[in-house]
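I set out below what I looked up in this structure, entry by entry.

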Amino acid sequence: GAMDDAGGVFVAWEALRTIRQALQEHRTRRTIRLILFSGEELGLWGGRLYFEAHSSELAGRLSYMLETDGGTFDPRGVTCSGSAATTAALRTVLQPLESSLGACNVFEKLDGPDITEWASVGVPVGNLVTQRTGESADFYFQFHHSRGDTVSVQDPFEMDRCTAVMAV
């Protein structure tokens, strides 16, 4: 659907485009990967296959994996399964967004269905936390896997804000 998970794909793609545009000819110190999983509702197939194919190669090299699997509404922050040091580093990195986005928290939690297996090999994982302002916490589930999951649910302003969180 448009919200689950085309919105997440779009903001992740835009985050990478934004990073590339901001850095222009400079290279990042680390590789940034965009991985588009499929088969989540059928048994996390895409996430599991990627883990099986790449975990031995990447386990000690990944700093953080972030998933978008809760809609692309107003960003509230991210979750993080990592150590206290990793969580503190994320808070520091996200701090500049506090004034422009409002709440940009780091919630200590193991979250992100397609990437939770990575936590078992020491990779901090997380999920983008969103909620439409003025709506209940279960707003996402009013549309999730329904005929209402159309592009009309998406708000370009909210998606831009999600892109900003992912790009940072």
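Is Gly112 buried or exposed? I found Gly112 buried, because its relative accessible area is 2%; buried means under 20% relative accessible area, exposed over 50% and partly exposed in between, with a 1.4 Å probe and protein chains only. The model is predicted: local features need pLDDT of at least 70 and side-chain atom pairs count only at pLDDT 80 or more, while totals for chains, interfaces and linings use all residues. Residues are numbered from 1 along each chain as its sequence is written, and side-chain values use heavy atoms, with hydrogens and water left out.

**Entry: Gly112**

I located Gly112 in the loop between β3 (105–108) and α5 (116–119). Helices (H or I, at least four residues) and strands (E, at least two) are DSSP runs, numbered from the N terminus. Setting aside residues up to four places away in sequence, I noted that Gly112 touches Glu67 and Asn127, contact meaning heavy atoms within 4.5 Å. I also looked up Asp69: its C-alpha atom is separated from that of Gly112 by 6.9 Å, although the two residues are 43 residues apart along the chain.

**Entry: the whole chain**

I counted six helices and four strands in the protein chain. Their order along the sequence is α-α-β-β-α-α-β-α-β-α. I compared the radius of gyration with the globule rule, which is 2.2 Å times the number of residues to the power 0.38, the radius being taken over C-alpha atoms. The protein chain has 16 Å, which agrees with a compact globule, because 168 residues would give a value near 15 Å. The C-alpha trace spans about 40 × 40 × 35 Å along its principal axes.

Of the 168 residues, 40% are buried. Among contacts between residues at least 6 apart in sequence, 77% join residues at least 24 apart. The protein chain exposes about 9,700 Å², of which carbon and sulfur atoms supply 54%; I note that accessible areas come from the Shrake-Rupley method with a 1.4 Å probe.

**Entry: Val78**

I placed Val78 in strand β2 (residues 75–80). Val78 counts as buried because its relative accessible area is 2%. Not counting residues up to four places away in sequence, I listed its contacts, among them Tyr64, Leu66, Leu90, Phe107, Leu128 and Val165. Val78 also touches Asn127, a residue that Gly112 touches as well. Leu94 is another contact of Val78; the two are 16 residues apart in sequence and 9.4 Å apart in space, C-alpha to C-alpha.

**Entry: Glu158**

What joins the side chains of Glu158 and Arg132? I found a polar contact of 2.7 Å between them, a polar contact being a pair of N or O atoms within 3.5 Å; within protein, one must be able to donate a hydrogen and the other to accept it, and residues adjacent in sequence count only if both atoms are side-chain atoms. Glu158 lies in helix α6 (residues 156–167) and is buried, because its relative accessibility is 6%. Beyond its neighbours within four places in sequence, Glu158 is in contact with residues including Thr72, Phe73, Asp74 and Pro75.

**Entry: positive phi values**

I recorded Gln24, a residue other than glycine, with a positive phi near 45°. Gln24 is in the loop between α1 (2–23) and α2 (45–58), and it is exposed, because its relative accessible area is 60%. I recorded His145 likewise, with a positive phi near 60°. The place of His145 is in the loop between β4 (125–130) and α6.
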